[in-house]
Amino acid sequence: MGILSDIKNAVFDGEENKIVELVRQALDEGQAANEILDKGLVEGLRATGDAFEKGEKFIPEMLLSSESMKRAMVILKPLLVEGAGGGFGKAVLATVEGDVHDIGLELVGTMFETAGFEIRNMGPDVPTEDIVEAVKEDKPHIVGLSALLSNTMDVMPDVLEALEKNGLRDSVKVMVGGAPVKQDFADEIGADGWAYDAASAVPKAKALRSQLPD
Amino acid sequence: MSYYLYSNTQEVSPYERMMASLNGEKRDRVPVHFYPRWAALEHIGVTFKQTWDDPDLYVKGQILAQERFQYDCAIDYDMMGPVEEAMGAKLKYPENDVPQIAEPLIKTKEDMKNVKWKLDPRKDGNMPKVLYVIRRLKEELIKRGNGTQHVPIMTWGSCPSRTAACLTGFKEWFLIVARDPDWAVELMERALDGWLQMVVAAWEAGADCVWVNDPVSSRDCISRDHYEKLTQPYERKFIEAIRRETGMNITMHPCGNWHDRMDLVYQNQADCYFLGPMDVEMCTQKAVETNEKGLSRVKALNGNVGAATKSTTDGQTAVSYATTMKRGKPEDIEKEAKAVIDVVEAADLRCILGTNCWDVKGSSYANRDAMVYAARKYGQYQ
């Protein structure tokens, strides 16, 4: 566990430069790409998320961890996508209108992609009507909505309503996430799923995807 | 019962009531100020973009909505980016929302050279349009007050941390805070003057008071340590400069959850704090403590009926979803309003009843009326 533990710590500490060297070393030592992802990077990110929840880390530190993860993924992604086989389904991801935060969204995008989803990451501050248009165009299986602000999470039910009005609600599974968003909120607004973090969003997305026809 | 028709004495004008509270004094009752952009636009049935294209329409909305809802303060085009735009940033103008930065202006330190740091609010960009609105509002309020301004005008200024984040992009700003604190300081140092000049010009155009905000230094964003060492000194510098240049009463809005750093926030020396979705008892107690230690000069607290969801009840415990202004009932507003009035006034600070974030788009007339009704019912000083 030595090198994987080092990778986990490097993500946790946001050591952007050291991480690349560590990932290369792990691959040289014969570690599988998915092991490096799951037991190194994701664990590091999860520990960072826990520290964020406890108020021990904040957005700058989270971003450094996220940047570290991204640098590592440049090396790992080709190996992981190759291994994942792809074709798991399509996902449209967006941070709702009025919210400019996209750290979580980017992480979810990366994790979805490596898990075999074809993603369209619309980025932050996306108007509801643009999300609806993207669903019409791409016909995704999953719509992932993110919000970091407690007053922008209020836009999420508007997106669900807009999908309903456009006759699209039954064709997709809508997942919501972001710091202030919890399971009870997801239930209250009628979303299909919620995940605590990017890593746990993947199995939930896969489970939801399996409920839809091919 | 109609909330709108409840007792409506005009013996004390909104101007006297609001300005007295900002000075820590009492008039007839607690004033109401909930930053009524959407109330005004929705009342006259126009979008924000329409009023941006026709500033007189914005003035009309502010005037008619105040007369309809009977709250105690009008606002100019606040929470905008005219300064950042004049500095060189490109804004996008959504149909019915405030303009936003379309693309970060500063991506590298080299880009600092391309920013127009020294501004003339009377000439540059859209800043003259904001000043025009203030002048017209003033004229119209005096006209409708038969020669006396009966409603104050509040303008707005962006704290240096927020301006810097607008110029770099929010995500990049937080990375700069983490990677290069010296650059963060340089950005705030350079960013301060533009908004200071804008606020001074707004005061000269007729603004009576000002609010400033910082949405990037809360507990949701950066550590207390980063706040204390990096951004708080520039909030204080900005506030003290506004006071020195204009003498206006200053309200600060710590946007988000600042539970672990209210003692530092109050040391920014604002007269009033527009509280976000935070625990009003804790915020009040902390204001009293810092005042007693001679570290702050808090005279009034503005807020904090639910317009944004409280993320915690006490700084730690998560609470469930609820946006009272939009999804609650008038009785919910009344209940929350009474609690705020009781807590703040019991500490002998002045309560300026309001929301805990902007006036929420799409709030019902009944809910907005309920706030004024609650101030009349529970906020009488006699």
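## A walk through two chains

Of the 382 residues in chain B, 63% count as buried, where buried means under 20% relative accessible area, exposed means over 50%, and partly exposed is what lies in between (1.4 Å probe, protein chains only). Keep in mind that this is a predicted model, in which local features need pLDDT of at least 70 and side-chain atom pairs count only at pLDDT 80 or more, while totals for chains, interfaces and linings use all residues. As for bookkeeping, residues are numbered from 1 along each chain as its sequence is written, chains are lettered from A and ligands numbered from 1 in the order in which they are written, and side-chain values use heavy atoms, with hydrogens and water left out.

Let's stay with chain B for a moment. It holds 15 helices and 9 strands; these are DSSP runs numbered from the N terminus, with helices being H or I of at least four residues and strands being E of at least two. A compact globule of 382 residues would have a radius of gyration near 21 Å, and chain B, at 20 Å, agrees with that. That radius is taken over C-alpha atoms, and the globule rule is 2.2 Å times the number of residues to the power 0.38. The C-alpha atoms fill a box of roughly 60 × 45 × 35 Å along the principal axes. Take the contacts (heavy atoms within 4.5 Å) in chain B between residues at least 6 apart in sequence: 74% of them join residues at least 24 apart.

Now for chain A. Its 9 helices and 5 strands run along the sequence as α-α-α-α-β-α-β-α-β-α-β-α-β-α. The radius of gyration is 17 Å, in agreement with the value near 17 Å for a compact globule of 214 residues, and the C-alpha box is roughly 55 × 40 × 25 Å along the principal axes. Here 55% of the 214 residues count as buried.

How do the two chains meet? The contact takes 24 residues from chain A and 24 residues from chain B. About 2100 Å² is buried between them, with carbon and sulfur atoms giving 58%; buried area is the accessible area (1.4 Å probe) that two parts lose on being put together, summed over both. On the chain A side, A:Phe58, A:Pro60 and A:Asp154 lose the most area to chain B, together 26% of what that side buries.

Zoom in on A:Glu97, in the loop between β1 (89-95) and α5 (103-114) of chain A. This residue is partly exposed, with a relative accessible area of 26%. Leaving aside residues up to four places away in sequence, A:Glu97 touches A:Asp125, A:Val126, A:Pro127, A:Thr128, A:Thr152 and A:Val155. A:Met153 is 56 residues from A:Glu97 in sequence, yet their C-alpha atoms are 9.4 Å apart in space.

Most residues other than glycine have a negative phi. A:Asp125 is not a glycine, but its phi is positive, at about 55 degrees. Over in chain B, B:Asn146 likewise has a positive phi, of about 50 degrees, without being a glycine. B:Asn146 is found in the loop between α6 (127-144) and β4 (153-158), and it is exposed, with a relative accessible area of 74%.
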